[in-house]
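Keep the structure open as you read.

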Amino acid sequence: MVTNANIIRQKWLDNDFYGSTFALNYEGQKGLKFTFGGGWNKYIGRHHGDVVSGDIPAEYIGKRYYESRSQKTDLNLYSKATIAINDYLEGMVDLQYRTVGYVMAGIADKRQDISQTNTYSFFNPKFGLTHKTGDNSSAYVSYSIGSKEPGRQDFVDNPNKKPNPEFLRDLELGFIQKGTKVSYQLNGYFMDYKDQLVLTGKLNSVGEPIRQNVTSSYRLGIEGNLTLKLSKQVIWQGNLTLSQNKIADFVEYITDYDSGEEKSIARGKTDISYSPSTIAGSNLTVKMGNLETSFLTKFVGKQYLDNSGLEGRTIQSYLTQ
């Protein structure tokens with residue numbers, strides 16, 4: 001019996017995707033705009049892996065070592081309405097119902113049985129108000145609830161714990177000013193998550209990042225952009241985002257390969273991986289006839305490679321031009 005060998009494998013995916021969408025639009029009096037629409041689609045993926053060669057008996061060469069079939073059916077219906085409450089105030093309501101069904105059967109690449117059926121139903125509402133403060137300026141506020149199912153790969157990469165869907169409550173407010181020479185926008189947001197799927201910092205066998213649920217997390221920040229038309233030939237655009245991206249109480253699980261047991265480490269409040277607290281950009285454009293030249297600058301602040309909050313697992317801030 002062969003238990004350890006050097007082999008060359010090939011992994012294959014054959015997939016089909018089809019569906020349909022529709023939308024009905026209506027415009028009435030007093031600035032009323034109404035849309036009702038939806039869509040239905042189905043994805044079928046057939047996964048398998050073959051042993052191409054290796055230091056193994058000949059009868060194993062060309063054999064299929066795993067095979068699975070996954071099917072995802074997605075149905076969504078939505079209605080969206082905007083209405084002018086008065087000359088300065090506009091309201092918006094956006095309601096979506098979505099149902100997702102997974103049917104998976106067979107063996108995945110780590111030889112684990114992934115056969116299961118999962119069905120999710122989501123109601124995602126959004127409400128907003130926009131106040132016209134001038135001929136070229138407005139202020140707005142919105143509140144929305146969002147939800148998202150885990151992907152097939154989340155089930156494969158977390159065989160010992162079934163991933164949960166994500167839920168989000170998002171509050172945003174901002175101000176927009178448009179002018180011939182100066183335009184800008186400021187936006188503040190608070191995104192409160194339950195069971196957010198965050199990157200763990202690990203990669204699976206084909207190099208894809210692995211995600212896991214965290215019970216409670218949030219993103220709080222302010223973002224802005226500014227456009228200055230310095231002349232007919234020179235335009236400068238800049239943007240800046242400052243944020244906090246935190247997991248409320250993170251527990252890290254580490255495998256002890258000597259004992260085979262999984263140990264837990266309570267890290268407390270930590271930063272979400274790959275979520276820098278500062279991002280900034282600049283674009284200086286000069287136009288000369290049919291020639292246009294741009295000088296681009298981007299700054300990305302320090303970010304963590306995983307969710308442990310340890311300084312030794314970071315990408316330091318960097319600037320590119």
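**Rings and a surface patch**

Q: Is Tyr-218 buried or exposed in this predicted model?
A: Buried means under 20% relative accessible area. Tyr-218 has a relative accessibility of 16%. Tyr-218 therefore counts as buried.

Q: Which kind of aromatic pair do Phe-190 and Tyr-218 form?
A: The ring centres of Phe-190 and Tyr-218 are 6.0 Å apart. Planes under 30 degrees apart count as stacked, and over 60 as edge-to-face. The planes of Phe-190 and Tyr-218 are 40 degrees apart, and the pair is tilted.

Q: How many residues apart in sequence are the parts that Phe-190 and Tyr-218 tie together?
A: Phe-190 lies in strand E8, residues 182–203. Tyr-218 lies in strand E9, residues 209–229. The pair therefore ties together parts that are apart in sequence by 28 residues.

Q: Is Phe-122 buried or exposed?
A: The cut-off for buried is under 20% relative accessible area. Phe-122 has 3%, so Phe-122 is buried.

Q: Which residues do ring pairs link into a cluster?
A: The count of aromatic pairs comes to 9. Tyr-120 and Phe-122 form one that is stacked, 6.1 Å centre to centre with 10 degrees between the planes. Ring pairs link a cluster of Tyr-102, Tyr-120, Phe-122, Phe-155 and Phe-167.

Q: Which strand gives the most to the nonpolar patch?
A: The patch lies on the surface, with about 960 Å² of accessible area together; Phe-190 is among its residues. Strands E5 (116–134), E6 (137–148) and E7 (166–177) each supply at least two residues. With 3 residues, the strand that gives the most is E6.

Note on methods:
Residues numbered from 1 in each chain as written. Predicted model: local features only at pLDDT ≥ 70, side-chain atom pairs only at ≥ 80, totals over all residues. Heavy atoms only, no water. Patch = residues over 30% accessible without salt bridge, like charges linked within 9 Å, V, L, I, M, F, W, Y side chains within 5 Å. Areas by Shrake-Rupley, 256 points an atom, 1.4 Å probe, with all protein chains shown as cover. Salt bridge = Lys/Arg side-chain N within 4 Å of Asp/Glu carboxyl O. Helix = DSSP H or I, 4+ residues; strand = E, 2+ residues; numbered from the N terminus. Phe/Tyr/Trp six-rings, centres within 6.5 Å; stacked < 30°, edge-to-face > 60°. Buried < 20%, exposed > 50% of the residue type's maximum accessible area, 1.4 Å probe, protein only.
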